[in-house]
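Hi everyone, thanks for coming.

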Amino acid sequence: MAIMCKNRAMAEFAHPDRHHVAVLVRHGMLVMELGIVHRLFGQARSASGERLYEVVTCTLEPGPVRTDSDVTIPVERGPEVLAEADTVIVPASLVEYEPMARVLTPSLAAALERIRPDARIASICTGAFVLAAAGLLDGRRATTHWRSADELQSRFPEVDVDPCVLYTDDGNVLTSAGVASGIDLVLHMIRRDHGAAVANEVARGTVVSPHREGGQAQFVRRPVPEPRTSSTKAARAWALENLHRPLTLRELAARESMSTRTFTRRFREEVGISALQWLTQQRIERARQLLEESDLPVDRVAAEAGFGTAASLRQHFQAALGVSPSAYRSTFRGELAAQAG
């Protein structure tokens with residue numbers, strides 16, 4: 001069975017005014033991962049309705065590319081496309097699922113060398129093995145599917161492997177965990193490029209959450225616990241409505257009539273991270289929303305998001321995103337808005 005794609009016979013991108021995304025597929029590719037990239041980037045629109053990205057698929061040798069199913073996809077573009085891309089995405093292949101498989105063949109290494117030094121490169125699932133084999137993850141924090149995280153770390157000790165997160169962002173090199181975390185990664189890149197409003201609209205159109213709580217640690221198989229009637233869901237909902245307040249673990253535990261110790265354990269089991277880490281993430285997201293969508297000064301944003309002071313907001317923002325709140329606002333709303341903060 002074959003799906004005939006509408007690939008143009010030309011190598012270059014057709015729309016120079018858009019952000020160019022190249023998806024480098026290989027034999028054994030996972031069809032869902034290719035679909036994620038095309039679908040999400042393809043839905044991103046400007047305020048005037050213009051497409052913001054152009055996505056093309058390329059492979060090492062143009063022709064039929066086998067997938068992980070009975071589908072074979074003809075891909076007409078070769079690796080020369082990579083030299084023109086602003087973002088290159090490397091999805092997983094069944095090759096990486098073979099223990100100790102050699103993923104960096106000479107042809108793949110030559111293809112990766114075509115990528116511009118200023119281009120952004122990202123992997124989905126075990127595509128991280130390709131980036132690691134090429135040395136692109138040396139000294140960087142990265143992730144992959146939790147089943148493959150130990151192997152990635154043992155084969156590439158120079159990489160700081162985090163098996164608990166859905167994706168990592170280390171400047172112009174990004175990685176994501178299992179297949180569906182490719183959705184989280186692409187939404188993150190759209191959010192980083194064009195702001196929360198555009199990313200949220202893409203998520204809404206795809207009927208997915210714009211931001212998933214927790215990390216992939218929550219999907220790791222564990223012994224089945226005794227049945228419980230209580231959870232931390234109500235406490236989380238209450239916390240989101242009260243982010244502007246100084247919240248304590250004791251308060252959150254009290255919402256569920258639990259001891260602090262029980263609540264802490266239960267929260268990590270359900271969400272994958274600690275309650276305090278989750279609170280900080282939610283406050284960062286709230287601050288980002290206010291910086292993008294309002295003219296509130298930075299100290300007011302800090303108060304509304306629960307950081308208390310502008311200095312505390314700057315510290316957490318720098319640690320999480322690598323930029324100051326004013327610089328973030330300037331990126332999304334222009335210099336005049338930044339000066340207002």
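**Starting from one alanine**

Let's begin at alanine 235: leaving out residues up to four places away in sequence, alanine 235 touches Leu252, Arg255, Glu256 and Phe263, where contact means heavy atoms within 4.5 Å. Before we go on, this is a predicted model, so to speak: local features need pLDDT of at least 70, side-chain atom pairs count only at pLDDT 80 or more, and totals for chains, interfaces and linings use all residues. Residues are numbered from 1 along each chain as its sequence is written, and side-chain values use heavy atoms, with hydrogens and water left out.

Okay, back to our alanine. Is alanine 235 buried or exposed? Alanine 235 counts as buried because its relative accessibility is 1%; buried is under 20% relative accessible area, exposed is over 50%, and partly exposed is in between, with a 1.4 Å probe and protein chains only. Alanine 253 sits 18 residues from alanine 235 in sequence, with 7.4 Å between their C-alpha atoms.

Alanine 235 is found in helix H7. Helices here are DSSP runs of H or I with at least four residues, strands are E runs of at least two, and both are numbered from the N terminus. In total, the protein has 14 helices and 10 strands.

**Helices that meet**

Two packed helices are described by the angle between their axes and the distance between the axes. The axes are lines fitted to C-alpha atoms, for helices over the stretch in contact, and the angles run from 0 to 180 degrees between N-to-C directions.

Take helix H7 (residues 233-241) and H9: their axes come within 10 Å and cross at roughly 90°. That makes H7 roughly perpendicular to H9. The cut-offs are under 35 degrees for roughly parallel, over 145 for roughly antiparallel, 65 to 115 for roughly perpendicular, and oblique for the rest. Who meets whom? From H7 we have Lys233, Ala235 and Arg236, and they meet Phe263, Phe267, Glu270 and Val271 in H9. By class, that contact has 4 nonpolar, no polar and 3 charged residues. Nonpolar covers Ala, Val, Leu, Ile, Met, Phe, Trp, Tyr, Cys and Pro; charged covers Asp, Glu, Lys and Arg; the others, Gly among them, are polar.

Now helix H9 (residues 260-271) against helix H10 (residues 275-293): these axes come within 9 Å and cross at roughly 60°. That makes H9 oblique to H10. H9 brings Phe263, Phe267, Arg268 and Val271, while H10 brings Ala275, Gln277 and Trp278. This contact divides into 5 nonpolar, 1 polar and 1 charged.

Staying in H10, look for arginine 286. Arginine 286 is partly exposed, at 29% relative accessible area. Beyond its neighbours within four places in sequence, arginine 286 is in contact with Leu243, Glu304 and Ala305.

**The core**

Which residues touch the most other members of the largest nonpolar core? Among its 36 residues, the answer is Val37, Phe41, Ile89, Met189 and Ile190. A nonpolar core is a set of buried Ala, Val, Leu, Ile, Met, Phe, Trp, Tyr and Cys residues joined through side-chain atoms within 4.5 Å. Helix H5 gives the largest share of this core, 6 residues. There's also a second, separate core of 30 residues, including Cys58 and Leu137.

Last one: of the 341 residues in the protein, 47% count as buried.
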